[in-house]
Amino acid sequence: MSRGPAPGAPKRAPSSREKCVIAIDVPKRQMGEPQTGQPNPRRLALGVALGQAAVALIAGLLCWAIADSRAALSAVLGGGISAAASLVMALLGFGREASTDPLRAIRAFFVGEAAKVAVVIVLFVVVLKTMKVVPLAMLSAYIATFFVFWVALAKGSSVRGTPRTGDLPPRPSE
């Protein structure tokens, strides 16, 4: 039984009934392993949560300097709600098991996003029911934390367009 041309035999053009297949073996990579030129989604999401916590503290200091300690606490709580929700999203949406299968990754992302929305709603209800806050300071700090997300998103998308080292240039069409 023949499995192909003999070594050294001249190559022939495929007939119209034969199919040409090009296969590329890509090594599996876990989400925590470094990859040259590409951001780690879990690390990026955790960085967003950390950046949001920093913005919450800065907003609290500004409110303390401009108004009083109650406004400062309100700002820290508003920004902290956003940071806590982003942390929940990062932990659930970009977990280790999400990197093994595309379907699991999508499912984990939606679970993380639903948990994020639930955390925001629950924490806002708890804070508004149990504390006397300054709504303007709290909502302003909450909104200010979205800028961290947008900056991280813009920074992450700018890296995505650059080729990794070792990547081959695209082949011209034949």
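Predicted model: local features only at pLDDT ≥ 70, side-chain atom pairs only at ≥ 80, totals over all residues.
Close-up 1. Apart from neighbours within four places in sequence, T145 is in contact with Q52, V55, G79 and S82. T145 lies in helix α4, which covers residues 135-160. The relative accessible area of T145 is 0%, under the 20% cut-off, so this residue counts as buried.

**Close-up 2. The polar contact between T145 and S82.** The two side chains make this contact at 2.8 Å. T145 itself belongs to helix α4.

**Close-up 3. I81 and the residues around it.** I81 is part of helix α2, residues 69-93. With a relative accessible area of 3%, I81 is buried. Beyond neighbours within four places in sequence, its contacts are V120, L123, F124, V127 and Y142. Of these, Y142 is 61 residues from I81 in sequence, while their C-alpha atoms are 7.3 Å apart in space.

**Close-up 4. Helix α3 along its length.** Helix α3 runs over residues 102-130 and has 29 residues. From the first C-alpha to the last, the helix reaches 42 Å, close to the 42 Å expected at 1.5 Å a residue. Buried positions in α3 include A108, G112 and A115. V120, F124 and V127 are also buried in this helix, and these three residues are in contact with I81.

Note on methods. Residues numbered from 1 in each chain as written. Heavy atoms only, no water. Helix = DSSP H or I, 4+ residues; strand = E, 2+ residues; numbered from the N terminus. Buried < 20%, exposed > 50% of the residue type's maximum accessible area, 1.4 Å probe, protein only. Polar contact = N/O pair within 3.5 Å; in protein donor to acceptor, adjacent residues only side chain to side chain. Contact = heavy atoms within 4.5 Å. Expected span 1.5 Å × (residues − 1).
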